[in-house]
Amino acid sequence: MSDPIRILGLDPGLRKTGWGLIVSEGTKLSFVACGVVESDEKQSLAERLRQLHDGIAGVIARHVPQEVAVEETFVNRDPQSALKLGQARGIALVVPALAGLDVAEYAANLVKKTVVGVGHADKKQVQAMIRVLLPKAETRSADAADALAVAICHSQHRGARALLAQYQLRKA
């Protein structure tokens, strides 16, 4: 049995960034906490990004994860929206990195396929599987449920990522 590891999943968004923390020990998953970091739409973009930064940093300080996983951005049809979402995602990547944490990234389809079994599952299906996999989870928003799904995805794929990294080091 492997040692327990605290994994923080992040589902980036400029308006709402979902977060979810689990403990993974071998094949056992345990819910710790989840929520949403929000930014004030009435503020400037820079201020909103600062709010996300401070919110994610606060989650990390309170819950002390050992690893972080972030969902990759789904490209939007509106270039302005895609750019803003990309900036919010940058915050979700840099805050844990500044805290000295390893950050993994996962495509939305891989997250859904890992958690639900279908790469194009909808939000309701993801939330239903979160209730099955983490019965103590109290997800009050789809963003928090998505973040828990990202953390679960990481717990399932982290071993393969570690083996690949070792292989690449030996090969270099």
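## Tyr106 and strand β5

Tyr106 lies in strand β5; strands here are DSSP runs of E with at least two residues, helices are runs of H or I with at least four residues, and both are numbered from the N terminus. This is a predicted model, in which local features need pLDDT of at least 70 and side-chain atom pairs count only at pLDDT 80 or more, while totals for chains, interfaces and linings use all residues. Residues are numbered from 1 along each chain as its sequence is written, and side-chain values use heavy atoms, with hydrogens and water left out.

Tyr106 counts as buried because its relative accessibility is 3%; buried means under 20% relative accessible area, exposed means over 50%, and partly exposed lies in between, with a 1.4 Å probe and protein chains only. The side chain of Tyr106 makes a polar contact with the side chain of His154, at 2.7 Å. A polar contact is a pair of N or O atoms within 3.5 Å; within protein, one must be able to donate a hydrogen and the other to accept it, and residues adjacent in sequence count only if both atoms are side-chain atoms. Between Tyr106 and Glu72 the C-alpha to C-alpha distance is 5.6 Å, although the two are 34 residues apart in sequence.

## Chain overview

The chain has 5 helices and 5 strands, which follow one another from the N terminus as β-β-β-α-β-α-β-α-α-α. Of its 172 residues, 42% are buried. Its accessible surface is about 9,600 Å², with 53% belonging to carbon and sulfur atoms; the areas come from the Shrake-Rupley method with a 1.4 Å probe, and for residues only the protein chains shown count as cover.

Among contacts with a separation of 6 or more, 59% are between residues 24 or more positions apart. Contact means heavy atoms within 4.5 Å.

## The sheet

The 5 strands form an open sheet with mixed pairing, in the order β3-β2-β1-β4-β5; two strands pair if DSSP finds at least two bridges between them. β3 (28-38) and β5 (102-106) each have a single partner strand and stand at the edges, so one side of each is left without a neighbour in the sheet. From one strand to the next, the twist averages 20°, with axes fitted as lines to C-alpha atoms, for helices over the stretch in contact, and angles running from 0 to 180 degrees between N-to-C directions.

Strand β1 (residues 5-11) runs antiparallel to β2 and is joined to it by 7 bridges, with Arg6 having Val23 of β2 as its bridge partner. These two strands, β1 and β2, form a hairpin with 4 residues between them. Strand β2 (residues 16-25) also pairs with β3, in the antiparallel sense over 10 bridges. Opposite residues in this pair include Lys16 with Glu38 and Thr17 with Val37. The hairpin of β2 and β3 has 2 residues between the strands, and in it Gly26 takes a positive phi near 65°. In β2, 8 of the 10 residues are buried. Strand β4 (residues 67-71) pairs with β5 in the parallel sense over 5 bridges, and Val70 stands opposite Glu105 in β5.

## Nonpolar cores

In soluble globular proteins, nonpolar side chains tend to be buried together. The largest nonpolar core of this chain has 22 residues, and those with the most contacts inside it are Ile22, Ile130, Leu134, Leu148 and Ile152. A nonpolar core is a set of buried Ala, Val, Leu, Ile, Met, Phe, Trp, Tyr and Cys residues joined through side-chain atoms within 4.5 Å. At least two residues of this core come from each of β1, β3, β5, α3 (108-115), α4 (123-133) and α5 (142-171), and α5 supplies the largest share, 8 residues.

Not counting residues up to four places away in sequence, Ile130 touches Val115, Pro135, Ala137, Thr139, Ala145, Leu148, Ala149 and Ile152. A second, separate core has 19 residues, including Trp19, Ala33, Leu52 and Val59.

## Gln51 in helix α1

Gln51 is placed in helix α1 (residues 45-63) and is buried, with a relative accessible area of 19%. A polar atom of the Gln51 side chain lies 2.7 Å from the backbone nitrogen of Asp40. Neighbours within four places in sequence aside, Gln51 is in contact with Val37, Glu38, Ser39, Asp40 and Gln43.
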